[in-house]
Amino acid sequence: TEAVGLYNIGQTCCLNSLLQVFFMNIRFTRILRRITVPSSPAQRRSNVPYQMLLLLEKMQCGKCKAVCPTDLAYCLSEHRVKLFVQYDAAQLFLTLWNLLKKQMKDPELVEELSDLYMIHIQEHLACQKCSFEIKSNSTMLTLPLPVLDANSYRLKALEHSLQYFFLPEELTGQNMCFCQQCGRKTPFLQSMKLVHLPQTLTLHLKRFCFERSSSTHKLSHSLPFPQELDFREVLTENQCQADDNEKATWQYELFAVVAHSGSTSCGHYCAYIRSLTECKWYCFNDSHVCQVSWDDVKCTYGRSNLTWRETAYLLFYMKKHPQ
């Protein structure tokens, strides 16, 4: 019943942190426990959901303070996830999720996995000269939230990042689009509207900034995030495309934070996760796991003069009142 760590087998801190976030999510493990076990040994060795299930059972059944994710790591390497290299947590999270979805054979489980994590968005393109409008629906695994605005000013809180993400953008000048009704290129207004939010919502704070010189640097300034988040209070009516029943479920509690310390070229990941059974916060730092306070979690807000300190990179929120 105690929280169990994962040994770092060579730059696997990013993988370890994400695995702990998956495993501490009871709704995810309920799906994982119902997968179809592959028939042959070779298939079992290369099946990501099965290897994750084996690792989960090893963590829960053993008496060790930490276990080795070696078999899962070599399983991932068969799917072009290289070993012993540094990863970006947002990219690796997407890779893991896609492999899970691809290798789960039961359509019902695939649908449950999608319902658990997928965000539904409606994209709008509206001509500013006439009534012509294009609407398209899309899904996202994470919301990639800016920490700077278009003028490179720092956004001061998570709520501001969310509002800025859904802010309409004018497409003018070289960015104008061809309007079928006007028969020429015209200014357009591009916007995104929120349609549906999942049980587990993943927010990606875009703290790694790419410059024209092809170098990357980390934006470490403070960006506070709340323990409770209500999207009805953050977004306007024009930024939503949902009925009242859907919006009634848009109240969230913070579940986990994947934090990054160090620089873009030399860094380390750990995860702060709130136990859904005990309602206590834990820090999962590879093989070392300890109970922490909310004040400890708030230390990942970031500080400009402490670039090397831990800074929140991925935020996982869970619905307070699911349908």
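## Helix H1 against helix H6

In this predicted model, in which local features need pLDDT of at least 70, side-chain atom pairs count only at pLDDT 80 or more, and totals for chains, interfaces and linings use all residues, the axes of helix H1 (residues 13-23) and helix H6 (residues 89-103) come within 10 Å and cross at roughly 55°. Residues are numbered from 1 along each chain as its sequence is written, and side-chain values use heavy atoms, with hydrogens and water left out. H1 is therefore oblique to H6; angles under 35 degrees count as roughly parallel, over 145 as roughly antiparallel, 65 to 115 as roughly perpendicular and the rest as oblique. Axes are lines fitted to C-alpha atoms, for helices over the stretch in contact, and angles run from 0 to 180 degrees between N-to-C directions. Helices (H or I, at least four residues) and strands (E, at least two) are DSSP runs, numbered from the N terminus.

H1 passes H6 in a right-handed crossing (a crossing is right-handed if the near helix is turned clockwise from the far one by less than a right angle, and left-handed if anticlockwise). From H1, the residues Cys-14, Leu-15, Leu-18 and Phe-22 meet Ala-89, Leu-92, Phe-93, Leu-96 and Leu-100 of H6, where contact means heavy atoms within 4.5 Å. By class, this contact has 9 nonpolar, no polar and no charged residues. Ala, Val, Leu, Ile, Met, Phe, Trp, Tyr, Cys and Pro count as nonpolar, Asp, Glu, Lys and Arg as charged, and the others, Gly among them, as polar.

## Helix H1 against helix H4

The axes of H1 and helix H4 (residues 48-61) come within 11 Å and cross at roughly 80°, so the two helices are roughly perpendicular to each other. Here Leu-19, Gln-20, Phe-22 and Phe-23 of H1 meet Met-52, Leu-55, Leu-56 and Met-59 of H4. The contact of H1 with H4 has 7 nonpolar, 1 polar and no charged residues.

Gln-20, which lies in helix H1, is buried, with a relative accessible area of 3%. Buried means under 20% relative accessible area, exposed over 50%, and partly exposed in between (1.4 Å probe, protein chains only). Not counting residues up to four places away in sequence, Gln-20 touches Val-4, Gly-5, Leu-6, Met-59, Ile-273 and Phe-284.

## Aromatic pairs

A search of the whole structure finds 14 aromatic pairs. Rings of Phe, Tyr and Trp (its six-membered ring) pair if their centres lie within 6.5 Å; planes under 30 degrees apart count as stacked, over 60 as edge-to-face and the rest as tilted. One of these pairs is Phe-22 with Phe-28, a tilted pair at 4.8 Å centre to centre and with 40° between the planes. Phe-22 counts as buried because its relative accessibility is 1%, and Phe-28 counts as buried because its relative accessibility is 0%.

Trp-281 and Trp-294 also form a tilted pair, 6.0 Å centre to centre and with 40° between the planes. Trp-281 lies in strand S16 (residues 281-285) and Trp-294 in helix H11 (residues 294-298), so the pair ties together parts that are 13 residues apart in sequence. Both tryptophans, Trp-281 and Trp-294, are buried. Elsewhere, Phe-22, Phe-28, Phe-93, Tyr-117 and Phe-316 form one aromatic cluster.

Phe-188 has its place in strand S9 (residues 188-196) and is buried, with a relative accessible area of 1%. Phe-188 and Ala-126 are 62 residues apart in sequence, yet 5.3 Å apart in space, C-alpha to C-alpha. Beyond residues up to four places away in sequence, Phe-188 touches a set of residues including Leu-125, Ala-126, Phe-132, Glu-169, Cys-177 and Phe-178.

Ser-261 is placed in strand S14 (residues 251-262). Ser-261 is buried, with a relative accessible area of 14%. Between Ser-261 and Ser-220 there are 41 residues of sequence separation and 9.7 Å in space, C-alpha to C-alpha.

## Positive phi in two loops

Most residues other than glycine have a negative phi. Phe-84, which is not a glycine, has a positive phi of about 60°. Phe-84 is found in the loop between helix H5 (70-77) and H6 and is partly exposed, with a relative accessible area of 48%.

Ser-152, also a residue other than glycine, has a positive phi near 65°. Ser-152 lies in the loop between strand S5 (143-145) and helix H8 (158-165). With a relative accessible area of 54%, Ser-152 is exposed.
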